[in-house]
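User: Please examine the model shown here and answer some questions on helix packing and on a pocket.

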Amino acid sequence: MLRSNKTLMLLAVLAVCLMAQPAWADALADAIAEANPQGEPGYLGIPGGPQINLIIALLWAVWVGWIFSTVGAFGGIMAGVGHITVFGLGDYASSFGKGAKLNKLVTDSIRVSNQWMVGCSAALSSFNYWKAGRLVLPLAIALGIGSIAGSWLVPWLTAGKISLKAYIGYFGLFVLFLGCYLFYETTPKGQAGKQAAKKAADAFQKSVKEQKTGGAVDMAEMGVKVQKFTPTMCEFTFFGVEFKFNPLIPLVGGFFIAALASFLGVGGGFLLVPFLTSVAGLPMYLVAGTSALAVFVGMINSIASYMFLGNITIEWSLIGVELVGVVIGSIIGPKTSKYIPDIWLKRIFIVLALYVGIRYTSQGFLGYSILPPF
């Protein structure tokens, strides 16, 4: 019965893809006819489009999978850096002018391609962290449920309406804000209200050291254990430290996070990390897995909304190579993150946020980047 249901679901998805394909092709053909570009077919088959090196795409995707599965964020943002800057799709889209259909089509393609990569990494990371006892399932589910409406609403409202310049500017501005906020959280004042998270992180790090020296430590057994769950209160323990939260708060938070993430074409982890560390008060060792599952729910909805409601075209050969790299990076991430101190996980987030935020804010609103590319 289960196998039959899976087969029906697969056939339904295939049918939707086949029905949507002519609309994608028509939108692309109209955009090409309007711009009338010349040259050898490149990205999306557009004459004169960028020729992307698939080896570089594979290596960049490994980095994307590793960083997202390690800190629970920046997968979509790093995917965006790759598509916009490393592969040159940003300058290419801009070359057609703000009002051109091809500008908006390539911009939407970048947004959805980012989300394919993050969705894959989120799925793998969620499973790996759940096995390791480092995923707060009720919290992730509450965030995921709240994300469904937000991740459908924004693509429906914005697909085909956002130029690359506006997209890049807002992209950078939000990332910069989050980087500054996380920096504040590493200061003594910001750390003052995070005693439970610090205590749990210290206990986790101590157990990792014991395990490295040959000690018999069952890390998964000491992981997340839900003690109580009601519509207004959830209590759980992690390495003997008790945490609690009201599920209604992440439900509402998930909606706004998913809406903003869907607009920016990223996974939303860069918003979830501050939410999980500040509102829920979690140590970073729980943030990556919990963020990943919430992101995964939002990605499924957002990708479907963009592709089937917005008729977005993507480069399938590029996506296929990138997903292989993302799988590799996402397997490595959870295995290495436990050896990185909690405070350094936050500092990795901060450094990337400040760099990406400054670079893309200046490029979007000033017309040029004040920082060099990677």
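Predicted model: local features only at pLDDT ≥ 70, side-chain atom pairs only at ≥ 80, totals over all residues.

Analyst: Residues are numbered from 1 along each chain as its sequence is written, and side-chain values use heavy atoms, with hydrogens and water left out.

User: Are α2 and α5 roughly parallel, roughly perpendicular or oblique to each other?

Analyst: The axes of α2 (residues 54-71) and α5 (residues 101-131) come within 9 Å and cross at roughly 45 degrees. Angles under 35 degrees count as roughly parallel, over 145 as roughly antiparallel, 65 to 115 as roughly perpendicular and the rest as oblique. The relation of α2 to α5 is therefore oblique.

User: How many charged residues are in the contact of α2 with α5?

Analyst: Contact means heavy atoms within 4.5 Å. On α2, the contact includes Phe-68, and on α5, Tyr-129 is one of the residues involved. The contact residues divide into 7 nonpolar and 5 polar, and the number charged is none.

User: Which helix gives the most to the lining of the second largest pocket?

Analyst: This pocket has a volume of about 310 Å³. Lining residues, which have an atom within 4 Å of a pocket point, include Lys-131, Phe-204 and Ile-331. Two or more residues come from each of α5, α9 (195-212) and α13 (316-337). With 3 residues, the helix that gives the most is α13.

Definitions and conventions:
Axes fitted to C-alpha atoms, helices over the stretch in contact; angles between N-to-C directions. Helix = DSSP H or I, 4+ residues; strand = E, 2+ residues; numbered from the N terminus. Nonpolar A, V, L, I, M, F, W, Y, C, P; charged D, E, K, R; others polar. 1 Å grid on protein atoms, 1.4 Å probe; cavity = no way out; pocket = protein on both sides within 12 Å on 5 of 7 lines; lining within 4 Å. Points joined across faces, edges and corners; volume = space filled by probe spheres on them.
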